[in-house]
Amino acid sequence: MQIPRMTTLVLLLALSLTACDDTFLDPFDNDQRYFTVYGFLDPTRLRQTVRVIPVTRFPEDIQGPAEGQAFIDARVYTRNLTDSTSTLWQHELKRLEDGSYIHLYHADFLVKAGHTYRLDIIRNDEKRASATTTVPRPPSDAFILSEAPVVQEDSSVIQQIAVPGVAALWDFEAIYLVEGTNYRDRVFVPYEPPSGPDGSGTWQFQLDITADQDSIVARARRFMRTQPLDTMPLTLSAMGVQFRIVDDAWFPLFRESDLFKLSQPGYVSNVVNGYGIFGSLGIHREEWGITPELARTLGYPITVDFDAPF
Amino acid sequence: MEADRHRWLTFTGALTRLPHLAWRFGLPVLLLLMGHNAQAQQSVVRGFVTDASNEQPLQGATVVLRAADTIVSGTVTDGDGYFVINRIPPGFYDLVISFVGFAPGTESLVLSDGQIRDVRVALAMQAAAIEELVVEADAIGGITTVAAGLETVLPKAINRVPVPGVSGDLASYLQTVPGVTVQGDRGGQFFVRGGAVDQNLALLDGLPVYMPFHVLSSYSAFPEELVDRAAFYTGGFGARYGGRTSSILDVTARNGNKQHLAGSISVAPFLSAITVEGPLVEGRVSAVFSARQSFVEELLPNLLGQRMPYRFGDRFGKIHALLGSSHELSLTFLDTNDRGDIAGSKKSVFGDAQAAIVNDSTEVAWTNKVIGGTWIYRSNRIPIVSRLTAGRSQMTNAFGPNRAPERTASVESMEAGLRMSWLLDKGDVSVGSMLRRTDLGYTLDDLFTEFTTSQEVLTELHGYAETTLDLVQDHLTVNPGVHVYALIDRGQSWIEPRMRLSLWPTGREGRHQLNASWGIYHQALTGLTDERDLGNLFTAWITTPEGQEAMQSVHGILGWNVQIQPWLSGALETFYKNYDHISAPVFSPFPRFTTTLQEASGTAYGADVRLSLENRPFLQESVLDGSISYTWSTVEYQAGPYTYHPAHDRRHQLSAVVHAQKGDVGMIIQWQYGSGLPFTESGGFDVWYRLTPDVDVATEAGVDRIVYAEPFGGRQPTYARLDIWLERQVERGRYVSTIRAGALNLINRANLFYYDLFTFSRVDQLPFLPSVGFKLELR
């Protein structure tokens with residue numbers, strides 16, 4: 001009789017172990033990260049915008065303004081830590097082209113270079129995610145090191161531009177002001193920045209002034225096509241360069257090309273208790289006048305043929 | 001590269017010199033081993049031992065040669081029922097053959113000088129047969145070793161583990177083996193002692209079956225009726241196997257009855273089957289054919305409120321011929337098909353609406369096709385057995401809607417291999433080689449995945465040499481060997497030493513046996529799955545990425561077997577596996593299948609203990625047998641910055657099977673308990689932008705992203721299931737009818753299969769599920 005007793009005992013033990021266990025599972029494990037935020041402060045704009053996504057159990061999929069996810073438990077503030085002013089951002093449920101909705105927050109204020117701003121996104125239970133950015137600005141007034149234009153053997157004209165002392169340069173553009181046009185109608189020609197500064201920490205650009213004439217001519221033909229002449233001479237009255245730099249917290253994102261790394265939550269993020277990026281831009285522009293002599297050296301005037309096909 | 005090239009040239013040079021080296025060194029050794037025989041012109045007795053009822057070979061039968069009352073020599077039969085006894089002086093002898101459950105057979109022999117005597121002995125089952133041993137010794141070339149990490153499984157053992165139906169299935173049996181972790185009762189994903197699913201190799205008559213398990217994990221392509229025997233290595237396998245780093249399941253199918261027509265027909269909702277076997281040429285050529293098909297989808301689409309969207313089946317055929325006294329030829333064919341909606345029972349914890357979102361995209365389907373043959377030659381002059389195997393294996397896998405799957409993958413391999421064994425008095429020496437060309441491909445076109453397609457070819461050359469020797473007056477059996485694995489297209493090769501040994505401190509009749517095995521293994525194929533998606537049964541097969549070493553594993557196993565009582569035995573095994581250069585998918589935060597890989601490494605170790613009860617009489621005229629086992633193990637991977645326990649790290653596992661028989665009525669109770677498997681928890685969802693100053697977050701939507709918590713940082717709830725079955729078997733002459741009724745998951749426990757993090761809905765394993773089946777056999 002020992003064996004049946006032992007079997008019964010084993011079965012009872014098995015059943016009791018089986019019955020006592022709970023099979024419930026809640027795979028959601030997040031009590032520390034509340035919001036994801038994307039956006040940056042832009043000193044060239046008055047209206048600043050960020051997108052806020054609550055980090056919740058379900059993906060954000062808002063198809064109508066009456067849906068539960070259309071309501072967001074978040075108040076957004078910025079505090080200028082340099083001058084101790086605060087700004088409340090306004091919520092907008094924005095409809096995208098695909099018909100879905102997203103949560104945006106806007107605030108109107110002038111972003112000041114060199115100032116530090118802290119963004120706070122706060123729930124009603126006072127849980128908050130925050131991020132801080134310092135708006136970058138160039139380190140000195142004498143920023144651009146430009147050399148004289150050089151006429152090459154094939155008659156094309158180049159000009160070397162050096163940008164020292166900037167780590168996080170995002171983009172670079174040459175600016176041309178055509179004589180007789182408004183300042184706001186300047187022609188911007190983008191240049192691809194090199195992969196990084198040289199050994200002395202200087203970014204080197206070579207403006208191809210002759211090649212840039214194509215952009216100037218195209219712009220002229222687009223905006224001056226109503227004038228009565230078939231052709232028209234065109235010369236420059238000023239030129240310059242402009243570049244934007246991003247803040248130190250944001251810049252590492254551009255040094256990484258591996259999308260899997262970049263997309264890992266928190267891989268490049270300055271958001272405390274959340275994910276995403278809250279950055280800021282700095283902009284630097286230098287322009288100089290062009291004398292007729294210098295214009296001739298640069299290959300101007302040039303003739304624009306308005307009858308030529310685009 | 002130069003070092004690789006040099007290594008390759010050295011290897012290929014060595015290959016081209018092999019015949020010369022074999023002639024120069026191997027032949028003298030061989031002659032030395034057999035020299036005594038040749039010089040003295042002594043006799044040889046060899047032959048086959050079979051089951052008289054169906055001519056199936058009996059592996060492990062004891063063959064003793066007696067002269068008067070003196071034992072002259074002895075051996076045991078190998079997997080083909082074959083034995084050979086060399087160096088017999090001329091004289092009068094009795095050849096006595098015995099096997100558990102069978103009446104002994106005796107044959108009187110008169111041997112003259114240099115005679116080679118062929119015998120064929122058919123043993124009849126004893127009237128009151130003792131139950132067969134179900135886990136028995138491995139017999140390779142006449143030597144019996146109970147080896148570390150090896151279970152040899154016979155059909156009787158398979159029958160004792162219940163499935164919803166009348167017949168047993170090897171898949172269900174394997175789930176009771178210590179160290180085997182099953183993801184759930186759907187999909188047939190088996191993890192063996194820390195290895196991943198793609199690191200297992202299943203062989204049917206020597207040919208690979210890439211996805212041998214059916215969509216309901218209780219079933220495989222290896223039902224009880226078709227299995228003659230199966231060797232299941234949970235690690236530490238010998239030199240004859242290669243190309244995989246975790247486990248080997250080597251199934252030998254039945255040859256079929258050479259004496260008379262036999263077969264069976266069974267009807268059950270989950271799986272109905274018909275098997276027919278019989279002689280094509282009596283005593284010489286036999287055939288066995290089987291067809292099985294599930295009807296659960298049609299008959300019980302909503303069983304007790306549970307959707308059953310599963311359809312699977314298989315067709316098997318084998319022809320076996322004895323061609324003279326020296327030749328055997330067999331042809332094997334297998335075709336399987338599976339289709340099922342893995343989320344068939346999906347229910348959202350937040351309501352059905354959420355669950356419905358993904359219900360139509362969780363359909364998975366796969367097929368296998370295997371065709372091949374084996375030719376065996378046993379020399380009349382020298383004790384050499386040659387075995388040539390060739391064939392083709394194919395597997396297709398699809399995920400997504402039936403008519404327009406979003407993902408497809410395929411593997412197709414053709415191979416030919418030769419194994420030659422020299423049978424010695426105290427062991428054997430075997431050498432072999434195998435050439436396999438594998439075509440691999442996949443296409444991914446998910447909603448969230450960029451269209452990706454890949455086609456690859458891998459040509460593998462395997463070579464090996466091993467010996468099995470009885471030493472120290474049969475107290476010690478050693479099985480050293482070396483496997484050479486070469487990727488011909490890539491110029492890469494590896495030398496893999498292997499060792500298996502068994503020690504009987506007090507002799508083979510004693511109570512104790514110590515076992516050990518050790519080996520190095522490489523694998524160039526990787527089956528990509530998304531391990532974090534527990535319900536994902538789609539596997540895309542690829543080769544090791546260029547520039548990365550092939551996956552490598554080192555196994556070590558130590559074991560101790562003890563016969564506590566004649567009816568009670570125990571076994572304790574410890575194992576260690578180390579893995580390097582695993583190609584694992586990166587931890588992508590996007591809801592999609594990824595083929596971007598990261599290199600991982602890992603270790604697995606643990607121990608298991610098992611008590612087995614054999615034929616223990618109890619109550620009145622009743623017999624009890626069964627087993628209870630407990631496994632503790634841990635698996636740890638390192639990938640990138642993460643150290644984690646992967647999805648198959650089941651820390652504790654208990655399994656018990658009890659079979660009670662009284663007369664023609666039997667009862668089987670099975671209970672399984674496992675601690676929770678790891679999974680990656682969700683930290684919620686958000687959106688990802690690669691934010692640049694040119695991105696306008698007010699107009700661009702970004703990409704949906706899941707915020708995974710620490711990889712595999714969570715644990716699922718524990719798993720437990722109690723099954724109970726009653727059966728009655730009635731014999732009328734050659735006809736045997738069996739009816740089996742019972743239930744899976746008797747207490748209707750909600751065991752988790754997987755959790756869909758995207759909808760927060762769970763899929764449970766099968767609930768309380770009653771079943772009844774009927775089988776009629778003609779034996």
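The model is predicted, and local features need pLDDT of at least 70, side-chain atom pairs count only at pLDDT 80 or more, and totals for chains, interfaces and linings use all residues. Residues are numbered from 1 along each chain as its sequence is written, while chains are lettered from A and ligands numbered from 1 in the order in which they are written.

Chain A also holds an open sheet of 8 strands with mixed pairing, in the order β5-β6-β2-β1-β18-β16-β12-β13. Strands here are DSSP runs (E, at least two residues), numbered from the N terminus, and two of them pair if DSSP finds at least two bridges between them. Because β5 (90-95) and β13 (187-191) of chain A stand at the edges with a single partner strand each, one side of each has no neighbour in the sheet. Within this sheet, β1 (35-41) and β18 (274-289) of chain A run parallel and share 7 bridges. One bridge to look for links A:Phe40 with A:Gly279 in β18(A).

Now to the meeting of the two chains. Chain A and chain B each bring 51 residues to their contact, where two residues count if their C-beta atoms, placed from the backbone, lie within 7 Å. On the side of chain B that touches chain A, β44(B) gives the most, with 7 residues.

Notes. Helix = DSSP H or I, 4+ residues; strand = E, 2+ residues; numbered from the N terminus.
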